[in-house]
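We will go from one selection to the next.

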Amino acid sequence: MSEYFDNERRRVIFAIDSKSFYASVEAVSRGFDPLKVPLIVVSTGPNIGGNGLILATSHMAKERYGLRSNVSRVRDLPKKDHDLIMVAPRMNFYIYVNSQINDIYRKYVADEDLHIYSIDESFLDMTKSWQLFGSSEIEVAKKIQKEVYFKTGIYTTIGIGDNLTQAKIAMDVYAKHNHGFMEQISYETIPEKLWPIKDLDSVWSIGKRTARKLEAIGIHSLDDLAHHDPYDLSRKFGIIGGQLYLLSWGIDRAVISQKTFPKEKSYGNSQVLPKNYTQKSEIEVALQEISDQVSARIRKHHLQTRLVHVWVGNEYTSGGFSKQSRITATNESRVLDQIVLNLFHANWRGDKIRNISVYFADLVADSSQQFDLFRTADRQIKDRELDKTVDSLRLKYGFTKLVKASSTLPGGTAIQRAGLVGGHNGGNSYE
């Protein structure tokens, strides 16, 4: 078996997950062992149904009540259970603890060999450094687990592999359920560890829709996928077909230190509105607030946009629209707000609206100002200066200290959202 992989470069990758992260942070801050307390983190607000979204659950809460993070609602809880601890999210606190944990990882790898995948998951390329910290990869992984636990109280799950994919699958499919929260996959163990997996959408990079398509052509496990005609996969799935075939053989040639970046970057924000918006004036206020927010972000990065994209949608798949407009480069709030509203006025057909987003793309350096014919040059210079003054005041004193009067009208959500991080309580989303 190993001869199939003789030409594959082997690395030592650790995929590390902070177990039930938000709930564990809350448990530790209250003096509890995260594995031995039933605790849930609940996000509430007018845009969240079911009396609140269960954002995170402790290990015990999952086992005792069958709850699932980001899926279960408060209405799903048992009516009588006085042991259950229910707390509000503190997103900034979680970000702080996450930075502590990644600082620990930086003791074991160089910055270029650390990839922070999410707030509770990181990849470490230990290829060049693991031998400095122990006599085996498992020994070093246990050392990291202990250090994170002793310094933060957080349990971690570690998958080890010859590449990113193997490490991630080792962590997701096996380590999270093992007694020591650790598992290792290598090219030699592919038939034993990868091919028996039948729950295809539990595998990193295979979503539910792709899993259904694979099932439809008779692929019910990674074993089936590994022994399917790769040319047929490419015909049916395009480039993804080839990637799926390589995945089933545990092949992944990505190297963390050789990061790639998209050729074009864009900035945008989206929002689930607290209710269906039916009034034109309400939708206009919400769109202007989002546009103002994104305008401030591109100014902060000293950029101008030449492409404005607006999407509005309802609770269902039909309705709404997605449109964009090419413009002369600018980052002026007044100009961009009007372009966003023009797109809305030209395309809205009276649908109920629940979701909105505004994106600015085709970005260029903010190194010049193109005057238009509809305002005097002096007026346009003053408008730019006004934007910069507003940005600096909000940065110094906080967004809610200086808001547009329109944000107090029906439809406005900016003041409420100013204290949110990722849509939940805990920070300033305008930074």
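What covers the buried residues of helix 9? This is a predicted model, so treat each stop as a computed picture.

**Stop 1: helix 9.** Select residues 230-237. Colour Asp232, Leu233 and Phe237: these are buried. Now look down the axis of helix 9. The buried residues fall within an arc of 110°, so they line one face of the helix. Turn to the other side of helix 9, where Tyr231 and Arg235 are exposed.

Next, show the cover. It includes helix 7 (208-216), helix 8 (222-226) and helix 10 (239-248). That is the reply to the opening question.

**Stop 2: helices 11 and 12.** Select residues 280-300 for helix 11 and 333-347 for helix 12. Their axes lie 9 Å apart, and the packing angle is about 140°. Roughly antiparallel begins over 145 degrees, so this pair counts as oblique. The crossing is right-handed.

Now show side chains at the contact. From helix 11, pick Lys280, Ile283, Glu284, Leu287, Gln288, Ser291, Asp292, Ser295, Ile298 and Arg299. From helix 12, pick Ser333, Leu336, Asp337, Val340, Leu341, Phe344 and His345, which they meet. Colour these contact residues by type: seven are nonpolar, five polar and five charged.

**Stop 3: Lys300.** Stay on helix 11 and select Lys300, which is found in this helix. Is Lys300 buried, exposed or partly exposed? Its relative accessibility is 49%, so Lys300 counts as partly exposed; exposed requires over 50%.

Conventions. Residues are numbered from 1 along each chain as its sequence is written. This is a predicted model: local features need pLDDT of at least 70, side-chain atom pairs count only at pLDDT 80 or more; totals for chains, interfaces and linings use all residues. Side-chain values use heavy atoms; hydrogens and water are left out. Axes are lines fitted to C-alpha atoms, for helices over the stretch in contact, and angles run from 0 to 180 degrees between N-to-C directions. Helices (H or I, at least four residues) and strands (E, at least two) are DSSP runs, numbered from the N terminus. Angles under 35 degrees count as roughly parallel, over 145 as roughly antiparallel, 65 to 115 as roughly perpendicular and the rest as oblique. A crossing is left-handed if the near helix is turned anticlockwise from the far one by less than a right angle, and right-handed if clockwise. Contact means heavy atoms within 4.5 Å. Ala, Val, Leu, Ile, Met, Phe, Trp, Tyr, Cys and Pro count as nonpolar, Asp, Glu, Lys and Arg as charged, and the others, Gly among them, as polar. Buried means under 20% relative accessible area, exposed over 50%, partly exposed in between (1.4 Å probe, protein chains only). The arc is that of the directions from the helix axis to the C-beta atoms.
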